[in-house]
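Open the model in your viewer and keep the sequence panel beside it. The stops below say what to select and what is there.

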Amino acid sequence: MTMSAGWYLRRLSRMGPREVGGRAGDAVRRRRWRAAPPDCPDVTGARFTAPLPAGTLAEVPPDAVKRLTAEADRLMEGHAEFFGVERDDLADPDWSYDPKTGRRAPQVYAFDVPYRDEEAVGDIKQIWEPSRHQYLTVLAAAYAVTGDERYAERVAAHLRSWWAANPPLRGVHWTSGIELGIRLLSWVWIRRLLDGWPGAAGLFEDDPVARRQIWHHQRWLAAFPSRGSSANNHVIAETAGQFAAACAFGWFPSSARWRTDALRSLERQLRANTFGSGLNRELATEYHGLVLELGLAAVAEADAAGVPVPASVRLVLLRMTDALAAVVDNRLRPPRQGDADDGHGLVVDGTGTDRWASLLATGDALFGRLAWWPEVTGTDVRTPLLAALVRPYPGSGAAPAVSRPASRPDRFADAGMTILRGPEEIWCRCDGGPHGFLSIAAHAHADALSVEVRHDGVDVLADPGTYCYHGQPAWRRYFRSTLGHNTLQLDGADQSVSGGPFLWTRQARTRVLAADPSGDGVARWSAEHDGYQRTVHRRRVELTPASRELRIVDQVRGTGRAARLAFHLGPAIAAELTGNRAVLTWTGDGEDRSAVLDLPGGLSWRAHRGESDPPLGWYSAGFGRKEPATTLVGTGFADGTAEFTTVLRFHG
């Protein structure tokens with residue numbers, strides 16, 4: 001999609017004077033670099049001095065090695081999947097090609113590339129993702145654990161191909177700082193994992209083309225940081241990649257300054273992006289995972305290089321890890337809240353490795369698990385590699401000596417998240433938090449007071465997900481809309497007002513009224529929001545473990561409005577709707593399961609599934625992927641005293 005003049009005005013209105021001044025300076029620098037791009041200084045005697053400690057690779061579990069090599073062999077055959085699109089051209093990739101639309105991004109001055117315009121460029125995510133080079137870290141890891149030089153040679157061929165096709169400041173891969181930051185982190189790990197290969201030095205430190213690419217990536221990141229209203233997960237990726245490269249590839253006159261500046265920014269931005277409770281301020285769970293992965297990788301790089309890291313950095317990462325352990329369900333699945341684009345910080349594992357189990361395993365190795373943490377039974381490659389680089393610190397294992405929760409937290413007041421738990425692994429997330437992070441709340445959804453309910457890890461009342469960012473505006477609007485969540489919509493409008501695909505111009509304010517997740521016989525939560533201005537939506541949720549019953553009461557106070565109440569069922573749930581009662585059935589762990597959903601009688605109920613005009617009845621398990629799922633929608637009128645009661649009963 002192209003951005004209109006109105007969008008630019010709305011976007012400008014969300015910036016402060018300092019951000020406007022910084023962006024003006026960026027514009028001047030872009031014009032100057034067009035005429036006179038910066039030159040990479042000549043360096044001699046460059047060496048890589050941060051390999052994995054001896055014996056590290058022997059610690060990688062055999063089943064993790066098996067998954068890794070299976071994935072690497074598939075990549076060697078040219079096969080990969082990015083955001084729902086199967087590719088068979090990765091043996092010799094075209095770095096500017098989007099297989100989804102068949103378009104190629106123009107090879108022009110980077111800041112002239114209209115990367116938001118799918119008609120001109122293609123699906124930018126499809127183009128960018130392979131060039132994060134995380135599939136190359138997988139191949140490099142496969143070489144490290146097997147010694148098979150085929151993997152190393154393929155990595156070298158692809159890096160040289162990419163460097164030749166993407167000279168500094170030319171093309172789509174020089175337009176976004178998060179891409180440069182993650183790519184730098186991948187290069188650091190590729191060099192580390194290829195350290196036993198005879199061609200490693202010739203590929204990196206002894207190659208002037210490689211040195212020039214590494215220098216220009218770092219110079220770009222130093223010149224164009226994400227600023228102000230954009231200082232979200234992007235700035236974490238930028239600073240983590242810059243810091244990692246300045247530690248591992250500290251060959252340049254500016255390396256010490258880049259390292260110092262990046263660490264200072266990383267420390268500040270990790271604190272700014274994280275609630276005191278440990279949850280990510282974007283209130284988008286996948287970005288919690290991305291930021292945690294990036295932060296852990298940065299600390300590992302610092303320790304490998306002997307660079308002191310402020311204690312506050314480790315403290316934030318520790319709190320993020322404990323928070324993740326607290327919010328996951330019994331299958332180690334975290335909430336599906338806010339945007340999700342399948343972004344990872346460091347990938348060295350094969351398909352089938354559980355991301356969240358891997359993060360918790362790493363947290364256990366670095367910080368020490370607490371007694372209430374869920375058990376992690378899976379294995380991964382990444383944990384022993386990171387653990388080998390991170391040095392021991394005072395406290396529990398490698399953790400700083402700080403106070404940690406004595407029991408499993410279930411209320412995160414600063415993030416507005418409450419988790420209600422019941423028997424048979426009933427899990428319910430209640431959303432009463434801020435709309436999003438910073439003035440634009442880029443990755444927020446209009447989901448105030450929404451609930452998400454699972455039974456033994458199966459989505460019953462589901463958050464439908466994200467599906468897309470660019471190029472499909474109707475689908476982007478739907479998946480972030482109020483109707484696209486398990487909450488109440490009034491007058492056909494969203495609770496918060498969107499100004500664009502990553503911009504909210506008015507944000508609903510939510511207030512938690514009560515939260516008692518471990519109440520006497522009944523776990524309770526209630527909250528309200530003002531997104532409909534003269535009308536207040538208030539919701540109460542009660543979970544009674546003894547009867548396996550979840551009760552949701554929606555109240556409308558103020559001006560009467562047309563109402564639509566939506567409940568999105570997970571893709572595994574079959575529903576038979578009769579009147580205002582839906583019988584839900586599914587299979588879990590090979591057993592037939594069922595529940596009854598009694599819906600408010602004051603509304604007229606219909607089941608929707610897989611509708612496209614307009615979109616309704618969909619579930620996105622991952623970015624670029626969607627599948628039909630049943631959505632139950634009740635329509636009617638909510639006067640100033642309306643009350644709608646929904647009861648979900650799980651059968652034993």
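## Start at Asp303

Select Asp303, which is buried at 3% relative accessibility (buried is under 20% relative accessible area, exposed over 50%, and partly exposed in between, with a 1.4 Å probe and protein chains only). This is a predicted model, in which local features need pLDDT of at least 70 and side-chain atom pairs count only at pLDDT 80 or more, while totals for chains, interfaces and linings use all residues. Residues are numbered from 1 along each chain as its sequence is written, and side-chain values use heavy atoms, with hydrogens and water left out.

Asp303 lies in helix H13. Helices (H or I, at least four residues) and strands (E, at least two) are DSSP runs, numbered from the N terminus.

Show H13 (residues 285-305) together with H11; their axes come within 9 Å and cross at roughly 20°. That makes H11 roughly parallel to H13. Axes are lines fitted to C-alpha atoms, for helices over the stretch in contact, and angles run from 0 to 180 degrees between N-to-C directions. Angles under 35 degrees count as roughly parallel, over 145 as roughly antiparallel, 65 to 115 as roughly perpendicular and the rest as oblique.

The crossing of H11 and H13 is left-handed, a term for a near helix turned anticlockwise from the far one by less than a right angle, with right-handed used if clockwise. To see where the two helices meet, select residues on both sides: among them are Ile236, Ala240 and Phe243 in H11, and Leu290, Leu294 and Ala298 in H13. Contact here means heavy atoms within 4.5 Å.

Next, bring in H10 (residues 208-223), which packs against H11 (residues 233-248) at an angle of about 140°, with the axes 10 Å apart. H10 and H11 are therefore oblique to each other, and their crossing is left-handed. On the H10 side, pick Gln218, Leu221 and Ala222; these meet Glu238, Gln242, Ala245 and Ala246 in H11.

Stay in H10 and select Ala210. Ala210 is buried, at 0% relative accessibility. Leaving aside residues up to four places away in sequence, Ala210 touches Trp163, Leu203 and Phe204. Ala210 and Trp163 are 47 residues apart in sequence and 7.4 Å apart in space, C-alpha to C-alpha.

## Leu136 in helix H6

Go to Leu136, in helix H6 (residues 134-146). Leu136 is buried or exposed? Its relative accessible area is 0%, so Leu136 counts as buried. Beyond residues up to four places away in sequence, Leu136 touches Val155, His158, Leu159 and Ile190. For a view across the model, draw a line from Leu136 to Asp456: the C-alpha atoms are 36 Å apart, and the residues are 320 apart in sequence.

## Salt bridges

How many salt bridges does the structure hold? There are 51, each a side-chain nitrogen of Lys or Arg within 4 Å of a carboxyl oxygen of Asp or Glu.

Select Asp89 and Arg87, whose closest N and O atoms are 2.9 Å apart in a salt bridge. Asp89 is partly exposed, with a relative accessible area of 22%, whereas Arg87 is buried at 4%.

Move to Arg454 and Glu452, which form a salt bridge at 2.7 Å, N to O. Both Arg454 and Glu452 are buried.

Then select Arg561 and Asp491, paired in a salt bridge at 3.5 Å, N to O. Arg561 lies in strand E17 and Asp491 in the loop between strand E10 (488-490) and strand E11 (497-500), so this pair ties together parts that are 70 residues apart in sequence. Arg561 is buried at 11% relative accessible area, and Asp491 is partly exposed at 43%.

## Finish at His568

Follow strand E17 (residues 561-568) to His568, a buried residue with a relative accessible area of 1%. A polar atom of the His568 side chain lies 2.8 Å from the backbone oxygen of Leu483. The His568 side chain also reaches the backbone nitrogen of His485, at 3.3 Å.

Technical notes: Polar contact = N/O pair within 3.5 Å; in protein donor to acceptor, adjacent residues only side chain to side chain.
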